[in-house]
Amino acid sequence: MTTAHTQSHQGPLDRNYFLLRRLHSLTGVVPIGVFLLFHLTTNASVVWGMLDSREGEALRERGVRTFQNEVDFIHSTPFLFLVEIFGLWLPIAFHSILGLYYAKTGKGNTASYGWAANRRYSLQRLSGYVGVLFLFYHVATLRWHWTFLMPGGVAWDGERAASTLALVLRGASEAALEAGASYTLGGVIVSLFYMLGVSLLVYHFANGLWTAAITWGLTISQKAQQRWGVVCAGLGVALMALAWSSLLGFMTLDPKDAAAIERSHSGHKGPAMQLGDSQH
Amino acid sequence: MTTTDHAARAAARRSAKPGRKVLIRVKRCEGPGKPSRFETFAVTIERGANIISCLQQIAANPVTVEGTRTTPVVWDSGCLEEVCGACTMIINGKVRQSCSCLIDEYAPAEGDVITLEPMSKFPVVRDLWVDRSRMFHNLKRLRAWVPIDGTYSLGAGPRESPDAQEARYKLSTCMTCGCCLDACPQFLLAESPASWDTSFVGAQAFGQALLFNSHSTGAQLKNDRLEVLMGPGGVVDCGNAQNCVKVCPKEIPLTEAIASLGRAVTIRGFTRFFTS
C-alpha cells in the first residue's frame, strides 16, 4: 500500500534513488579513490624517487627526474583527454554534486553528542565541502591554467613538472626568484591550502571507505566494522604520509636547481628512452 | 555507557546527601508554535528521587526560584520502569528516559542544576510532552508486523530455531522511545505528516524492519520493506554517525541492524536489476 502510494508520486530521481545512492558510494571508491592512490604515489615520487639515486647523482636530482618520468608516462597515455573526462571529471562532478545534496539532508550535532563516529560524520561532510573547493582550485589552476588565481601568475608546465610545481607552492615566478624572492605570502597561503585540502581529502577517502563497507553491507558486526576501521585507518595514514611527503618535497625544492635538472633531462624522455638512460 | 561513566555515577550516588536542594531548569512551551522559555525550580531531594518525582513536586507547588507562581510543568510518562519510553526527554543535553534518571547521579551536591528539555526531533505538544506519532507512521510505512490477518486459521507457524529467536529478541525489546532518532544527525524535525512518507525513517523502524524480515512469517513482506528502505528516507540515507546505538537504553545493536539491511538492499538491488 505505502509502496504503491509513494511510487505513483515519484519522479525519475526518486525512482532511481537507490541506484544514484549506490553510484555515489561506488564512484567515491572507484575511480576517484583509486585515482587518489595513484596520484599521491606519483606526486610523492619526488621523495621516494631519491631512493633510486645513481652513483654520483644528487638525491634531489633523482627525485626530480623520477617525478618527471612519472608525469611523462601519464602524459603518454592514449586518449588521455577522454580518460580524464570519463574517468575523472565526470565521476568527481557526479560524486560532488550528489554529495553536496546529500550532506544538506543532515544536521550535525557533535556539540551534544561528541562521540568519535559522530565527529567523523560531521568531518566527512566538512571535508567534502572544502574538498570540492580545493579540487576546483587545484584543477583550474594547474590543469586549465587559470593563472589569475595563482600568486605570481605561475603556470604549471608538464614538461618542467617539478620546478614549476615548486614555483606554484612558493607563489613566485622565475623572474621574482631572480629578484631575490623565496616564498611570497600568496605562496604560503597556497601551500597551506594544499596541506589542508589534501589532508581533508585523504581523510574523506579513508573514512568514506569505512562507511561504504557498512552501506553496502560488507561489514555487519561491530567487530567487523572495527577490523575494517583499522584497515581504513592504516590506508589513511599511508596516504597521508604520501601526501605530506610530496608536499614537503616540492615546498623545499629549489625551483632553479630543479629547472637545471629538467633541462639536462629533456631529450631522454618517455618510457622507451628510459631503457637507454639506464645504460649510462 | 562507558565504565568510567558508571564509576562516576556510582561515586556521585555515594556522595549525595538527602535533603539537599537541587535546581531543575525546565524548557517551557505553552503549545505548538508558541515561543519557549526556561524556568527554574528549587526541589528538595529525597533518597532515590528521579526526574519524575521532582516534576511531581514541581506540579504540586509550581513556584520558580524567583518566587513567581507559574503553571505546572506538563510531561508524559507511563511505566516508570524504562520499558514504555513515554517519559523520554533531553536531560543535560542528552536524550534519555527521565524515570530511570536518578537525581543522586546527576546532581549530587547542594545547588546543582539539571536542565530538562523536550525531545528535539518531535513536535512539542506542551512543555516536555512531544508528539511521537511519526515513529508509528514509520512502522506502518515499513509494514513492521507479521501478516496473519485472514478469514480462516492458518495453523501453526514455521518452526523457529533458538538461535534465530535469540537474535530477534534484542530487536524486539525496542519500546519506540525515540532516543536513537533524537540523537541522529540525519533524522530531523518534520512537523508536517505530509513529508513523513519520504523523510528519513531512522534507526527505530530500521530495527523493526530487520526484526520482521528475519521472522519466517514476517518475511512474507520482506521485499515490500526493502523497496521502502531503498527509496528516499530509507536505510540508504543513513550517514553512519552511529549515535543511535550509543543512546539506545535497550542496547539494541542498531548499527548492526542497519548494516544487515544495507546488505539486504544491495542484494535486492542486484536481483531487481538482473532478475525481475
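The model is predicted, so local features need pLDDT of at least 70 and side-chain atom pairs count only at pLDDT 80 or more, while totals for chains, interfaces and linings use all residues. Residues are numbered from 1 along each chain as its sequence is written, and chains are lettered from A and ligands numbered from 1 in the order in which they are written.

Let's start with chain B as a whole. Its C-alpha trace spans about 70 × 40 × 40 Å along the principal axes. Chain B carries 10 helices and seven strands; these are DSSP runs, H or I of at least four residues for helices and E of at least two for strands, numbered from the N terminus. Of its 276 residues, 43% count as buried. Here, buried means 20 or more other C-beta atoms within 10 Å of a residue's own, exposed means 12 or fewer, and partly exposed is in between, with C-beta atoms placed from the backbone. Take the contacts in chain B between residues at least 6 apart in sequence: 68% of them join residues at least 24 apart. A contact is two residues whose C-beta atoms, placed from the backbone, lie within 7 Å.

Next, the sheet. Chain B has an open sheet of five strands in the order 2-1-5-3-4, with mixed pairing; two strands pair if DSSP finds at least two bridges between them. At the edges sit strand 2 (36-44) and strand 4 of chain B, each pairing on one side only. Neighbouring strands of this sheet are turned by 35° against each other on average, direction ignored.

| Strand pair (chain B) | Direction | Bridges | One facing pair |
|---|---|---|---|
| strand 1 and strand 5 | parallel | four | Arg25(B) and Thr115(B) |
| strand 3 and strand 5 | antiparallel | two | Ile90(B) and Glu117(B) |

Helix 2 (residues 51-60) of chain B lies across strands 1, 2, 3 and 5 of chain B, and runs at about 95° to strand 2 of chain B. For that angle, axes are lines fitted to C-alpha atoms, for helices over the stretch in contact, and angles run from 0 to 180 degrees between N-to-C directions.

Now the domains. The assignment for chain B gives domain 1 (10-129) and domain 2 (132-148 + 157-274); such bounds come from an automatic or database domain assignment. The two domain centres, taken over C-alpha atoms, are 31 Å apart. Between them, 13 residues of domain 1 of chain B are in contact with 16 residues of domain 2 of chain B. On the domain 1 side, strand 4 (residues 94-97) of chain B supplies the largest share, three residues. That side has six nonpolar, four polar and three charged residues. By class, Ala, Val, Leu, Ile, Met, Phe, Trp, Tyr, Cys and Pro count as nonpolar, Asp, Glu, Lys and Arg as charged, and the others, Gly among them, as polar.

And the two chains? Here 28 residues of chain A are in contact with 34 residues of chain B. On the chain A side, the elements giving two or more residues are helix 1 (2-7), helix 3 (17-43), helix 7 (116-142) and helix 10 (185-215) of chain A. Helix 3 of chain A gives the most, with four residues. The chain A side divides into nine nonpolar, 15 polar and four charged residues.
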